[in-house]
Protein chains: 2
Amino acid sequence: MARTLQLRRNDAGIAAASGILAQRFGARFQTGRSLREQHGHTTTWIDNQPPDAVILPRTTQEVQDIVRICADHRTPIIPFGTGTSLEGHVNAPLGGICLDFSEMDKVLEVHAEDMDCRVQPGVTRKALNEHLRATGLFFPIDPGADASLGGMAATRASGTNAVRYGTMKDAVLGLRAVLPSGEVMTTARRARKTSAGYDLTRLLVGSEGTLGLLTELTLKLHGIPEAMSSAVCSFPTVEAACNAVIATLQLGLPVARMELMDAASVAAVNAYSKLSLPETPLLLLEFHGSHDSVAEQARVFGEIAADNASTAFDWTADAEARNRLWQARHDAYWASLQIRPGAQAISTDVCVPISHLADCVTRAQAKAEDMGLLAPVLGHAGDGNFHMLLLVDRSDPRECATSEDFVAWLAELAISYDGTCTGEHGIGQGKMGYLEAELGGEALSVMAAVKRAVDPLNIFNPGKIVDPAR
Amino acid sequence: MARTLQLRRNDAGIAAASGILAQRFGARFQTGRSLREQHGHTTTWIDNQPPDAVILPRTTQEVQDIVRICADHRTPIIPFGTGTSLEGHVNAPLGGICLDFSEMDKVLEVHAEDMDCRVQPGVTRKALNEHLRATGLFFPIDPGADASLGGMAATRASGTNAVRYGTMKDAVLGLRAVLPSGEVMTTARRARKTSAGYDLTRLLVGSEGTLGLLTELTLKLHGIPEAMSSAVCSFPTVEAACNAVIATLQLGLPVARMELMDAASVAAVNAYSKLSLPETPLLLLEFHGSHDSVAEQARVFGEIAADNASTAFDWTADAEARNRLWQARHDAYWASLQIRPGAQAISTDVCVPISHLADCVTRAQAKAEDMGLLAPVLGHAGDGNFHMLLLVDRSDPRECATSEDFVAWLAELAISYDGTCTGEHGIGQGKMGYLEAELGGEALSVMAAVKRAVDPLNIFNPGKIVDPAR
């Protein structure tokens with residue numbers, strides 16, 4: 001058979017591969033409708049496109065075997081972690097086999113002195129931290145959901161403490177990945193830094209399963225800080241809050257988290273969690289370090305906030321009080337849903353240079369109101385990254401269309417501010433339409449060329465990120 | 001003409017391209033022998049392979065024009081910054097045109113609020129910091145040499161303060177690059193983080209001019225710390241020093257620099273700079289932060305050092321005293337040369353997981369002695385990265401061969417410790433032989449496939465990193 005790009009659904013091939021895999025994997029090969037639909041699940045208006053089957057491999061060798069069988073029969077393979085991606089990443093537009101990594105969930109090695117570990121892709125971030133408890137080390141990246149580490153690497157996830165600890169691009173030291181050929185590639189060893197050739201680790205991080213299936217990850221860990229303190233601080237405007245963020249970053253204060261909630265988010269949380277926070281824009285911070293250092297950091301931030309017209313400031317190093325403060329942030333998703341019972345919350349994701357954050361948020365709030373949308377703002381302000389939770393009645397097609405228009409408008413606005421249409425959720429299917437506006441045609445052509453070079457049959461998660469036939 | 005890989009010198013094509021370029025660029029196209037040899041210069045035993053001509057472009061458009069002319073005539077292009085690379089990166093094994101970026105040396109934009117800037121590739125790191133002086137910001141990556149930022153990005157350089165500020169992989173937000181097709185690609189905009197498709201920025205950082213010619217770089221900046229303090233600390237053994245490093249990292253002490261010198265390096269510096277440091281392994285540290293914080297960091301490190309058998313400890317926050325302490329480190333290269341007048345110092349570069357650093361250094365010292373080589377050790381201990389300065393009489397072929405054997409032995413040793421054959425110098429020509437041992441054949445096949453996909457004619461810096469025909 002010619003090694004040409006597979007761009008259409010291949011019924012005969014999928015049936016043949018499924019037959020072989022069913023025989024080989026028995027109960028670990030499943031085709032029940034609800035399971036398949038759950039494996040195509042994404043919380044957006046993107047239609048569910050379930051795979052033809054779900055398979056649960058246990059070893060790298062099994063993944064290789066599955067890939068070879070699927071390659072022989074031109075059958076797409078879609079990797080699946082915990083299903084918490086947001087842009088149709090796990091949909092199967094050309095059908096195919098969903099490779100669910102939940103049975104590859106072992107922490108293989110912890111090197112405490114080197115502050116790294118080797119894990120299988122199905123280990124979740126919480127399971128890893130549970131495993132690490134006795135070592136004094138932790139894995140910091142926190143996208144909110146208890147996502148699998150393989151999925152987090154594949155989507156270049158980050159979250160609340162990226163401002164200090166970086167994103168998955170920074171957390172991954174090396175990967176083992178099964179290639180579309182069925183061969184296994186090692187991208188790097190365990191050195192903290194390397195200049196050894198092309199950065200294949202970073203090429204795979206964020207490639208959303210389109211270039212390789214991650215079967216082992218070597219991850220950087222950090223020492224659990226001796227102390228933490230938190231601060232909560234209200235501002236009259238989003239702009240004032242953002243100015244405080246800029247001043248904090250310029251001073252080099254090593255904040256671990258610096259989250260923005262707009263007045264609507266705060267109101268939602270007050271109602272949901274019986275709090276009485278001032279219903280104005282709010283920054284929520286966390287500081288990590290020695291006891292002296294976290295106290296000093298909170299004090300210095302308090303001064304910066306006061307210089308930027310803050311109207312209320314509170315900080316604490318007490319664990320229980322800290323948890324109470326952060327409850328507001330953790331509850332924001334559920335609290336927002338209560339604003340409009342029955343609605344779904346669809347999370348947008350853009351990221352702009354921090355000098356444009358206040359403008360971008362303010363214009364987005366006005367536009368949403370204009371379009372009749374309820375959309376509280378939650379931001380990782382230290383990175384210039386923010387989400388709006390669109391509260392949408394998905395049974396109303398007009399409302400879905402309006403929301404989709406808003407998301408497109410916001411992506412273009414972020415790009416016009418020299419930002420990106422996605423800071424941490426990824427491209428998947430949902431953001432494919434904005435990538436050329438953001439980067440230009442040459443970048444897409446190079447992505448397509450790389451995709452064709454690594455996956456000449458287009459069997460790894462087809463229909464995501466970039467069209468290899470462009 | 002078929003678009004096939006050019007793997008041999010193409011005299012006719014080079015002559016044709018040279019003719020066109022000479023006419024177009026006049027005095028900015030040069031063919032003098034000594035200039036050409038200087039542009040193939042590398043401080044190793046790798047033979048000088050000068051390009052056929054050196055050209056000095058001033059704009060991205062000119063770079064595009066040169067690339068198109070060279071592509072039409074199958075003529076290699078070798079990018080050149082300041083010529084401080086160390087592994088034959090700027091050699092021209094198939095001849096061709098050296099593209100010297102020294103006239104593209106403008107700082108294009110500084111966004112102080114966003115703490116980033118846009119520069120041309122010929123700007124050196126010192127020139128950038130000079131330019132930034134009034135802003136309160138600085139660019140931290142410091143490989144020692146006053147290298148060009150384009151060259152630093154191309155080789156994924158780092159240096160003494162990578163332990164805190166990362167490497168060029170972390171410092172680059174986005175790139176503009178001229179591709180082998182002559183088109184210009186933008187890899188990312190200015191957002192602090194992005195999940196928008198394949199990480200083309202990181203694909204180009206470290207690609208050593210083999211995939212794209214960098215014509216603009218967007219770089220992260222940092223606030224100049226309010227205060228700095230330094231500490232110098234002697235240990236009875238390399239192992240004790242490394243244990244102090246491990247404890248420091250595990251505690252999360254945010255050291256900015258953490259350098260290791262072995263007894264031979266200290267002795268060389270004592271002789272050269274009239275110092276009287278104890279001639280035992282030594283750690284030199286720098287702390288950045290607030291006045292209180294840098295004092296606390298030095299105090300805490302002092303305790304860690306005492307717990308690890310340190311024999312002498314000194315710290316200061318006074319600028320002049322700090323500079324005196326760091327003089328030892330800065331003089332180490334010149335001091336080492338004085339150990340053996342007339343010799344050249346050839347710098348090796350390996351990086352291992354920190355738990356293996358002491359073993360690796362100790363075995364390397366013993367092996368060098370065994371082989372009759374003088375080779376003081378300088379290490380970026382916080383990263384597990386170290387160099388040995390081989391003091392070699394390059395006129396003695398036997399000694400060159402012995403040194404080369406030693407470098408091979410050390411690269412293999414580092415790999416056996418799950419490390420890398422190069423932490424920061426890059427592959428170039430010199431380290432090509434170790435890449436497969438380090439990463440395995442699949443990684444090299446993917447690198448070759450990416451190279452062929454992006455540069456199907458093999459005209460961008462051929463003969464470096466990986467053989468595209470493998």
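How many residues does the contact take from chain A and from chain B?

Modeller: This is a predicted model, in which local features need pLDDT of at least 70 and side-chain atom pairs count only at pLDDT 80 or more, while totals for chains, interfaces and linings use all residues. Residues are numbered from 1 along each chain as its sequence is written, and chains are lettered from A and ligands numbered from 1 in the order in which they are written.

The contact takes 81 residues from chain A and 81 residues from chain B; two residues are in contact if their C-beta atoms, placed from the backbone, lie within 7 Å. On the side of chain A that touches chain B, the elements giving two or more residues include α9 (238–250), α11 (291–307) and α16 (441–454) of chain A. Helices (H or I, at least four residues) and strands (E, at least two) are DSSP runs, numbered from the N terminus. The largest share of this side, nine residues, comes from α16(A). By type, the side of chain A that touches chain B divides into 33 nonpolar, 28 polar and 20 charged residues. Here Ala, Val, Leu, Ile, Met, Phe, Trp, Tyr, Cys and Pro count as nonpolar, Asp, Glu, Lys and Arg as charged, and the others, Gly among them, as polar.

The same surface serves both copies, as 100% of the contact residues of chain A recur in chain B.
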